[in-house]
Amino acid sequence: MNQWAELYAQWKTMMISGESISGFQRFYVLFYQAFIEANRWKQYLNGVGTTIFVTAMALVIGIALGILVAVIRTSHAQQRPGHKNMILGAINLFCRVYVTVIRGTPMMVQLLIMGMVIFKSSRNFTAVGALTLGINSGAYVSEIIRGGLMSLDPGQMEAGRSLGLNYLDTMRFIVVPQAVKAILPALGNEFIILLKDTSLITVIGGKELLYAAQGIYGRTYEQMFPLFGIAMIYLALVMVFSWLQGILERRLRQSDRR
């Protein structure tokens, strides 16, 4: 047993026996048992890995759904009077219901429904949580993208069609690249919200950061250090991703000046 562990064992025994110890000694004991004892820091590290994985999976699902729903709703809104497509109208109605239901119900309720009703036989709680977060994010991303697409001058679409491009190529090469620059800040904020919302998958058994903290304070019976620890980890992750978002936005602005 090394010197630091010996100090921990000694001061912890003094705490349990009710002997008087200094504030530093108490801090050291609580910190050591929350992060060092039994290599508990590895549980936080595993939680960080799961959190990032769930965020990435949910982001991919959310962006894919968001783009699909936004394009459908934008296409329906931009139809010429008297040239309405009935199939597109039915799909648009389904998309509107999807967005309304997802945005109108709490995330935790959606997680419980997915984990305990729809996928109640599944034991892969992390994957279920990632799928649910992705479906939830897709509704918000779709509104962000739709707002960006609708904010562009309709003449952009007409110019593309006049050059012989079909609707999809016009969206791909002309409309979407311009819309991305306008919606990037809002998408970045959605990504940060998604990162923090991963803590909710604990309610269905997802093993992310909060799950690690709960497991540790369930054994130590001391909540402050595990909870403050994961709060600092979330803060650090958000700061890193905000920094990366800032770099991307600056590069896009620089490309506009060239």
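Colleague: Does Thr55 count as buried or exposed?
Modeller: Residues are numbered from 1 along each chain as its sequence is written, and side-chain values use heavy atoms, leaving out hydrogens and water. Buried means under 20% relative accessible area, exposed over 50% and partly exposed in between, with a 1.4 Å probe and protein chains only. Thr55 has 2% relative accessibility, so the residue counts as buried.

Colleague: Which residues does Thr55 touch, beyond those up to four places away in sequence?
Modeller: Thr55 sits in helix H3, residues 41–77; helices here are DSSP runs of H or I, at least four residues, numbered from the N terminus. Counting a contact as heavy atoms within 4.5 Å, Thr55 touches Phe191, Leu194, Leu195 and Thr198.

Colleague: How far apart in space are Ile21 and Trp11, C-alpha to C-alpha?
Modeller: Ile21 is in the loop between helix H1 (3–17) and helix H2 (23–36), and its contacts include Met14 and Arg26. Ile21 and Trp11 are ten residues apart in sequence, while their C-alpha to C-alpha separation in space is 7.6 Å.

Colleague: What relative accessibility does Arg40 have?
Modeller: The side chains of Arg40 and Glu37 meet in a salt bridge (3.3 Å, N to O), meaning a side-chain nitrogen of Lys or Arg within 4 Å of a carboxyl oxygen of Asp or Glu. Glu37 is partly exposed at 24%. Arg40, in turn, counts as buried, with a relative accessibility of 9%.

Colleague: Which residue forms a salt bridge with Arg73?
Modeller: The closest N and O atoms of this pair are 2.9 Å apart. Arg73 lies in helix H3 and its partner in helix H6 (residues 125–151), so the bridge ties together parts that are 70 residues apart in sequence.

Colleague: Which helix has the lowest mean pLDDT among the elements of the chain?
Modeller: The chain has a mean pLDDT of 87, and 95% of its residues reach 70 or more. Where pLDDT is low, the predicted coordinates should not be read in detail. Helix H5 (residues 107–118) has the highest mean, 94, while the lowest, 68, belongs to helix H7.

How values were computed
This is a predicted model: local features need pLDDT of at least 70, side-chain atom pairs count only at pLDDT 80 or more; totals for chains, interfaces and linings use all residues. pLDDT is the predictor's confidence in each residue, from 0 to 100. Helices (H or I, at least four residues) and strands (E, at least two) are DSSP runs, numbered from the N terminus.
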